Amino acid sequence: MAQKSTIYKVELTVSDMDRHYYETHKLTVAKHPSETDERLMVRLLAFALNAHEQLEMTKGLSTDDEPDIWQKSLSGELELWVALGLPSEKIVRQSCAKSNKVIVYSYGGRTAEMWWDKIKNSTTRFDNLQVINLSEQDTRALEGLANRSMKLQVNIQDGEVMVSVDESAVYVSPVKWKNADH
């Protein structure tokens, strides 16, 4: 029998001083049976870092041709494609062809560094690609905040991020490995 997704209820309050975005999002997030708490929290962090009224979580791990998060224009064009982890060069290439902007949030410590060393030269031609790495220490700390019912507060200032739940806070320092050129 196939395992079912676990439902997480998340109240995500984003205070992004860098983009002047202040909003609370009530999210119902399905955690795929093969998804770890670490990956779920990275997904929520990526949502907060790109928060917008039209940003949506997708089916994620259960579909190959969709990102984890996307933002579509009112006319249905893909404006933002957000992928997590270590996608293949082929997936990155296809994503860049489908969307105006693609952001990959890599994580996994040394494995992420080896992945980037392998694909970075073949991604230089993609002006719409941004790659941001999250340290293993940061993502493991985020994992500790995971709860089926969360009130997450995410504060972003000068590229630094503080994620808090109740009395616990985690500080995350995303590192840009590749900037989008437009």
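Biologist: Which residues does Val10 touch, not counting residues up to four places away in sequence?

Modeller: Val10 touches His25, Lys26, Leu27, Val29, Leu44, Met150 and Leu152. Contact here means heavy atoms within 4.5 Å. A word on the background: this is a predicted model, where local features need pLDDT of at least 70 and side-chain atom pairs count only at pLDDT 80 or more, while totals for chains, interfaces and linings use all residues. Residues are numbered from 1 along each chain as its sequence is written, and side-chain values use heavy atoms, with hydrogens and water left out.

Biologist: Why is His25 called buried?

Modeller: Buried means under 20% relative accessible area, exposed over 50%, and partly exposed in between, with a 1.4 Å probe and protein chains only. His25 has a relative accessible area of 11%, so His25 counts as buried.

Biologist: What makes the link between the side chains of His25 and Tyr21 a polar contact?

Modeller: The two side chains come to 2.7 Å. A polar contact is a pair of N or O atoms within 3.5 Å; within protein, one must be able to donate a hydrogen and the other to accept it, and residues adjacent in sequence count only if both atoms are side-chain atoms. The 2.7 Å pair is within 3.5 Å, so the name applies.

Biologist: Which members of the largest nonpolar core touch the most other members?

Modeller: Val10, Leu12, Leu44, Tyr105 and Leu152, out of 39 residues. Helix α1 (residues 37-49) gives the most to this core, with nine residues; helices (H or I, at least four residues) and strands (E, at least two) are DSSP runs, numbered from the N terminus. A nonpolar core is a set of buried Ala, Val, Leu, Ile, Met, Phe, Trp, Tyr and Cys residues joined through side-chain atoms within 4.5 Å.

Biologist: What is the volume of the largest cavity, and which residues line it?

Modeller: Its volume is about 30 Å³, and the lining is Met41, Leu44, Leu45, Leu142, Leu152, Val154 and Val163. On a 1 Å grid over the protein atoms alone, a cavity is a set of points where a 1.4 Å probe fits but cannot get out, and lining residues have an atom within 4 Å of a point. α1 supplies the largest share of that lining, three residues.

Note on methods: 1 Å grid on protein atoms, 1.4 Å probe; cavity = no way out; pocket = protein on both sides within 12 Å on 5 of 7 lines; lining within 4 Å. Points joined across faces, edges and corners; volume = space filled by probe spheres on them.
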